[in-house]
Protein chains: 2
Amino acid sequence: MIEHTLDVPRDPAQEVVVQAEALHELLVKLLVKKSMFAAEAKVAASRLVEADLRGVHSHGCRSVLRYLKSMDLGNIDPRGRVLTVSETPAMAVMDGSRAMGHVAATRAMQLAIQKAREIGTGTVAVYNSQHFGAASVYVLLAIEAGMIGYCTTSTGTATVAAYGSTRPGTANNAFAWGVPSRSGPPFVLDMACAISSWGKVESLGLYGRPIPEGWALDAEGRPTTDAKAAKTLRPASGARGSALAFLSSVLAGPLVGGRMPLHKTRAPDVEASEHFFYCIDPEKFGSLDRFYAELDATAAEIRALAPEEGFDRVRLAGELEWERSEKWKREGIPFHRDQMARLAEAARELGVDVPW
Amino acid sequence: MIEHTLDVPRDPAQEVVVQAEALHELLVKLLVKKSMFAAEAKVAASRLVEADLRGVHSHGCRSVLRYLKSMDLGNIDPRGRVLTVSETPAMAVMDGSRAMGHVAATRAMQLAIQKAREIGTGTVAVYNSQHFGAASVYVLLAIEAGMIGYCTTSTGTATVAAYGSTRPGTANNAFAWGVPSRSGPPFVLDMACAISSWGKVESLGLYGRPIPEGWALDAEGRPTTDAKAAKTLRPASGARGSALAFLSSVLAGPLVGGRMPLHKTRAPDVEASEHFFYCIDPEKFGSLDRFYAELDATAAEIRALAPEEGFDRVRLAGELEWERSEKWKREGIPFHRDQMARLAEAARELGVDVPW
C-alpha cells in the first residue's frame, strides 16, 4: 500500500519554518523584479504558497527558481497578456501568451466560474501557457465560489510508461476535482496518473531516501529504486492510470491545437503548456440545501468509519492537505533548509530582502 | 498486475455462440412483451447488445432478466416518460421517470451532444432513473457524433471500502471517457473505481474460479478470495479510487437531489439511479484537422511501442473491446450456456420464440 500512503517526507533537523505571509511577500518581490505587474505577481504567489501550505512542495515555491530562470531565458513572458480568443456562453478558448501559467490558469478558472454562474456550467481551455503548478489550487477557486470544479493540464514530455510497455507513452498528467461543503473540509481530489508524482520522487531523492519498488524504470526500461536513475514512471493502476493520462493530454492539448506529450520536447523555448477547466454550479441543477445536507452527512459518516490498521482515522480526499494548510497558516510552513538557502541566494542576487 | 490484465473468462466447452442481430431481436421482443414501446425497446436492446459485443457481459443481456423482474414488481416503469425538467443552453436536468435507464441515458447523452453542437459543451444530469448498464456505450454515442464524451452513474449501495477502512464508504461507481478518432479505434476509457467490477467477481464465480487476493473483504471486513463471500471491494489505487467513486456519486446523486450510496438501500422500490453526461465538441475549440492529426499520430506511435513481457502488443484504452466487438459482430457473441439457458427459459415463459 506504500504507493498510496507515502506522505511528504519530514525531518525537523533538516528543516526551517517560514510564515506563509513572509513567503508570499518574497515571491511577489522576486516576480516583480522580473517585471511582472504586482497584481499578477500576487496571483501567482498566492497559488504557489497555497501549494506549499497543502504540502505539495514540488509545485510550491521550490519551482520559483525555475520560473525566474525561464523569464531570463525568454521562455516565460512576465508581461504576457492572457487573451480570450473564442467564446460561447458555455465555453472559451484562451491564449496563455506564455505568461506565468498560474496567472493564465487563475483567469481561466475565474471565467469558467462566471459562465457556470450564468448558464450552469463553464468550460475554458488554454493553449500557449506555461506550467501552472498544483492542480488542486484551481479547484479551490471553484470551491470558494460554491462550485464543483475540474481541471487538468499537460506540460511535459512522455515520462510515464504506456500500459503494456516499459517505454514512455504519456506524461504524468495531473487532474483535480473539487466539491464544496458547508461543514467540514471540502472534497479535493488531486491526482497524477502515474504511481507517483515526479515531485515526490524528487523529494525522496532530496531526503536521501530510495523510491519504493515498482514505481520507476531507468533509461533502459529496467526497474529502479534510485530517484536519480528513474526516467520513466509506471502508470497508476495499470491501464486505468495510462488512460487517464492520455485523456488529460487530449483535453489540455490537441483540443486547443497543442501537442500530445509524446511529441513534446524538453526544450522550453519550443514547448508550451495547455490547461482545461470545467465548472458546475450546483444551484442550477437542484436545491442547494438538499445538495449540501446530503453531502455533508455522508462525509461525516465516512469520517466516522472504523479506521483499519495503519490509519489513525478515515479521511476524505483533500482532508489531510486541508488540515495541514490550516495548521501551517498558523504555525508556518516547514521547508528543507537547502531549498530555502537556494531561494535566499536568488533573492540576494536580485537585491531583494528575505523577510525572515 | 493481475488486477489490471484479467480479461473476460473464456471456456468454449461451457459456451454457446449467438449472433448479435438475433440477440437484439429477442431482447426487443421480451421488452415489448412487458409493454415497452418498440422504439424504446430497440434503444435499450442496442445498448445491451453493445455491452455484450465489447465483452462487458455483466452489463449486457445477462441483466435483462433482472430488468424484466423489476418491471413485474413495478420498480422499472416500461412506459416511463423521460422528461427535461430544467434547462439552459449549456445544461439540462432530466427526470428518468423510472423508465429503463438505458433509454433515459441515451436521451440524456443525445441532448448533451445537441447542446455541445450548438454551444461547444453540453451537460445533462438525470435523476429518478434506473440502472443504465455499461458506461462505455454512452460515450460511444458521443464518439459517433465526433465529440469527446464523459459519463458516470450511481446506482447501488456502498460496497467499496472507504480508503483507510475495511468498511464500505462508496459504491463501485463506473465512469467513462470517449475521444473520437479518424483512423484506428476510438479511445474509450471505461472504469469502475474499485480494484474490480462486481460483474467480474460474478463472472469468476460463474466459471468456478477464485478471485485474486487483495480484491475483496467478506461481511466481517476480512480478506477473501471466494466470489460468493465477497461483500466489499477494495478501492483501485487506494485513495485515488476511493475519491473517484465519491466524485461520481456527487455528480450522479446529490447534484440532482439524489442520495449518496451510503444512504441508498438495497430496496429497488425505493432506490433510483442517477446519471451524469458531459459532451465537448472539438470543432468549437480549434481546428478539427489538427485535432485528429495529432491524436491519430500519437495513438499510432503508442501502439507501435515495444510490448513488455506478457503483452502481445500495446493497446490504447478501449482497443481490445473494439477489436472484440468487430470480431463478434461477424462471428457471433460467445455466452456461458447457463446464462443463455436462463434467457431462453424467460422467453418461453413469455411465449417469445428464441431466434437461434
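Contact here means heavy atoms within 4.5 Å, a rule to keep in mind at every stop of this tour. The model is predicted, so local features need pLDDT of at least 70 and side-chain atom pairs count only at pLDDT 80 or more, while totals for chains, interfaces and linings use all residues. Residues are numbered from 1 along each chain as its sequence is written, chains are lettered from A and ligands numbered from 1 in the order in which they are written, and side-chain values use heavy atoms, with hydrogens and water left out.

**Stop 1: A:Ser86**

Select A:Ser86, in strand β2 (residues 83-87) of chain A. Strands (E, at least two residues) and helices (H or I, at least four) are DSSP runs, numbered from the N terminus. Which residues does A:Ser86 touch, not counting residues up to four places away in sequence? Show A:Met91, A:Ala92 and A:Val93, and then B:Lys284 from chain B. A:Ser86 has 28% relative accessibility and so counts as partly exposed; buried means under 20% relative accessible area, exposed over 50%, and partly exposed in between (1.4 Å probe, protein chains only).

**Stop 2: where the two chains meet**

Colour the chains separately. In this pairing, 80 residues of chain A are in contact with 80 residues of chain B. Between them the chains bury about 6,500 Å², 71% of it on carbon and sulfur atoms. Buried area is the accessible area (1.4 Å probe) that two parts lose on being put together, summed over both. In chain A, pick out A:Tyr163, A:Arg240 and A:Phe285, which lose the most area to chain B, together 12% of what that side buries.

**Stop 3**

Two packed helices are described by the angle between their axes and the distance between the axes. Axes are lines fitted to C-alpha atoms, for helices over the stretch in contact, and angles run from 0 to 180 degrees between N-to-C directions.

Begin with helix α2 (residues 20-33) and helix α4 (residues 64-72), both of chain A, whose axes are 10 Å apart at an angle of about 10 degrees. α2(A) and α4(A) are therefore roughly parallel; angles under 35 degrees count as roughly parallel, over 145 as roughly antiparallel, 65 to 115 as roughly perpendicular and the rest as oblique. Show the side chains of A:Leu27, A:Leu30 and A:Leu31 in α2(A), which meet A:Val64, A:Leu68 and A:Met71 in α4(A). By class, this contact has six nonpolar, no polar and no charged residues. Ala, Val, Leu, Ile, Met, Phe, Trp, Tyr, Cys and Pro count as nonpolar, Asp, Glu, Lys and Arg as charged, and the others, Gly among them, as polar.

While you are at α2 of chain A, find A:Lys29. At 35% relative accessibility, A:Lys29 counts as partly exposed. A:Lys29 and A:Ala344 are 315 residues apart in sequence, yet 12 Å apart in space, C-alpha to C-alpha.

Next, select helix α3 (residues 38-53) and helix α5 (residues 101-119) of chain A, whose axes come within 8 Å and cross at roughly 90 degrees. α3(A) and α5(A) are therefore roughly perpendicular to each other. The contact joins A:Glu40, A:Val43, A:Ala44, A:Arg47 and A:Leu48 of α3(A) with A:His102, A:Val103 and A:Thr106 of α5(A). By class, the contact of α3(A) with α5(A) has four nonpolar, two polar and two charged residues.

**Stop 4: a covered helix**

How many of the nine residues of helix α6 (residues 136-144) of chain A are buried? Eight of them are, and α6(A) is mostly covered. Among the buried residues are A:Tyr138, A:Leu140 and A:Ile143. Step just past α6(A) to A:Gly146, which takes a positive phi of about 75 degrees.

**Stop 5: positive phi in chain B**

Most residues other than glycine have a negative phi. B:Asn128 is not a glycine, although its phi is positive, about 55 degrees. Look for B:Asn128 in strand β4 (residues 121-129) of chain B, where this residue is partly exposed at a relative accessible area of 23%. B:Ser237 also has a positive phi of about 55 degrees without being a glycine. B:Ser237 sits in the loop between β12 (232-233) and α8 (239-251) of chain B, buried at a relative accessible area of 10%.

**Last stop: the cysteines**

A disulfide is a pair of cysteine sulfur atoms within 2.5 Å. By this rule there are zero disulfides over all chains. A:Cys279 is in no disulfide, and the nearest cysteine sulfur, that of A:Cys151, is 11 Å away. A:Cys279 is buried, with a relative accessible area of 0%. In chain B, the sulfur of B:Cys151 is 11 Å from the closest cysteine sulfur, in B:Cys279, which is too far for a bond. B:Cys151 is buried too, at 0% relative accessibility.
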